[in-house]
Amino acid sequence: MSRGIITRLGLTSLRLRLVVVFALVALTAAVAASGIAYWLNREAVLTRTQDGALNDFRQEMQNRAATLPLRPDQEELRRTAEQMASGSAGYQVLLLGEREAGKPIVGASDPDTFTLADVPRALREAVDTRRPVSDANPYPYHLFWQRTERGGTPYLVGGTRIDGGGPAGYMFKSLAAEKADLNSLAWSLGIATALAVAGSVLLAQVAATTVLRPVHRVGEAAKQLGEGKLDTRLQVSGADELADLSRTFNDAAESLQKQVADMSAREESSRRFVADMSHELRTPLTALTAVTEVLEDEQDSLDPMIAPAVALVVSETRRLNDLVENLMEVTRFDAGTARLVLDDVDIADQITACIDARAWLDAVELDAERGIVARLDPRRLDVILANLIGNALKHGGSPVRVSVRTEETGTDGGEELVIAVRDHGPGIPEEVLPHVFDRFYKASASRPRSDGSGLGLSIAMENALIHEGSISASNSVGEDGKTGGAVFVLRLPRDASGIARESRVEEE
């Protein structure tokens, strides 16, 4: 049976399947036993009745019909038939003789009940057939019988002939009483079968409860384990397969707990190392930054042979400083200590301020209506915008277009802020798209060499996620059907206050 059919029949429940299996087994066994019992009883009842009637009829033929004259008249045949039928066997008799050669006469014990027409032709032919006498067959005539039905009532018809030219005799016995007894037996066996099936269903319920209760406990424990309760264990009792399952579960849970603890310890150690390293680097970087600023101010007066080296030192120092800041930010996200500081922000003003602070006004086109106010963390929004717009300028080239709109989220009636950043560069290769938000990932093979840390887009995504938002990356299609540049779409809830009450949020 296919899975679809099983599902449509509702047989996906293990309890129901156990009940169905028990019921089918019980039904099969009960039907088989009842059928065998009915068949054996039927043969026994019919054979007993049949043998009793035929033996009595044979004896009556020998005692009464054999004493008739060779050419009896009809009255003699009738009287003898009545005498033969008056016994306790309860059958009717019909005697067939000859008044003269070729002139048959019939005597019946009850002509209204049993006539010659009730005797099957095949039976009459078998009775009238004379067989050669031999050592193996000492009698020329034998007793034959046949079961027939008339008006829905079964009958036994038997017949034989007297040796030496005597009359032929036929008996006709109703089997209605035996049929009634067999029907009663069939009803009794049917009721017994139904009771057996009902009992099997109850037994299946008990068995299912006994089997499924430990399985349910295992399922609940696995659910708790999946929810992070790694100290969940099962009580082991007995020595059956379910006890083995519980022990295996406990061993697996203990191993998982140890592995998770080891991984957490290593992760915490790595995170602490990065945080400590970043923190320790800030002090010398502060000094280096001050020195590079002085060198940058004096760069025009330096020897032309030294100026490129000074420019490289200034550039790499700034890059190192950005890397340290980014590492510290990533560490805060990994440690779960990053917090939102919510404020009401005019999105158009926020984007303008972000662009102006980085001197990108000439390279960025802004399509945003004033008055779109959202409640979110302005510092983190600035980090997201700076990374997205800076990435577009660096890899796609100007002009970069930033558009802002709001959309309804649907079921809860809330709104979300949608900010799209599009460049006009070569786009992002399809094999690179799934990795653009990975840490330290650079698509340097397809775009100009980046002097960034490879953490900018990852940090932007983390800042979006802490707002319960998202960032998606794709390629736009130009009028010529070719890739028209990369498009990053930022989606944030317009009001992040609801996130807050369940997380790490501070409101000003």
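This is a predicted model: local features need pLDDT of at least 70, side-chain atom pairs count only at pLDDT 80 or more; totals for chains, interfaces and linings use all residues.
I number residues from 1 along each chain as its sequence is written, and side-chain values use heavy atoms, with hydrogens and water left out.

**Chain totals.** I looked up the secondary structure and got eleven helices and 13 strands. Those are DSSP runs numbered from the N terminus: H or I with at least four residues for helices, E with at least two for strands. Of the 508 residues in the chain, 36% are buried, where buried means under 20% relative accessible area, exposed means over 50% and partly exposed is in between (1.4 Å probe, protein chains only). I also checked contacts (heavy atoms within 4.5 Å). Among those between residues at least 6 apart in sequence, 63% join residues at least 24 apart.

**Five-stranded sheet.** I traced an open sheet with the order S2-S1-S5-S4-S3 and antiparallel pairing. Two strands pair if DSSP finds at least two bridges between them. At the edges I found S2 (103–108) and S3 (144–150), each pairing on one side only. Neighbouring strands are turned by 25° against each other on average, direction ignored. My angles run from 0 to 180 degrees between N-to-C directions, with axes as lines fitted to C-alpha atoms, for helices over the stretch in contact.

At one end, S1 (residues 92–100) and S2 share six bridges in the antiparallel sense, and Glu100 has Lys103 in S2 as its bridge partner. Helix H3 (residues 74–85) lies across S1 and S2 and runs at about 35° to S2.

At S3, I counted seven antiparallel bridges to S4, with Gln146 opposite Val157 in S4. S3 and S4 form a hairpin with two residues between them, and Gly151 in the turn has a positive phi of about 65°.

**Phe144.** Next I picked a residue in S3, namely Phe144. Phe144 counts as partly exposed because its relative accessibility is 22%. What does Phe144 touch, leaving aside its neighbours within four places in sequence? I got Leu123, Ala126, Val127, Arg131, Val157, Gly158 and Gly159. Leu123 is 21 residues from Phe144 in sequence, with 6.9 Å between the C-alpha atoms.

**Second largest pocket.** I put its volume at about 270 Å³. On a 1 Å grid over the protein atoms alone, a pocket is an open set of points with protein on both sides within 12 Å along at least five of seven lines, and lining residues have an atom within 4 Å of a point. Grid points are joined across faces, edges and corners, and the volume is the space filled by probe spheres set on them. The lining includes Arg58, Tyr139, His142 and Asp163. Helix H2 (14–63) and strand S4 (153–161) each supply at least two lining residues, and H2 gives the most, with three. I sorted the lining into five nonpolar, three polar and three charged residues.

I found four bridges joining S7 (residues 364–367) to S9 (residues 400–408) in parallel, with Val364 opposite Val400. S9 also runs antiparallel to S10 (residues 415–422) over eight bridges, and Val404 has Ile419 in S10 as its bridge partner.

How values were computed:
On a 1 Å grid over the protein atoms alone, a cavity is a set of points where a 1.4 Å probe fits but cannot get out, and a pocket is an open set with protein on both sides within 12 Å along at least five of seven lines; lining residues have an atom within 4 Å of a point. Ala, Val, Leu, Ile, Met, Phe, Trp, Tyr, Cys and Pro count as nonpolar, Asp, Glu, Lys and Arg as charged, and the others, Gly among them, as polar.
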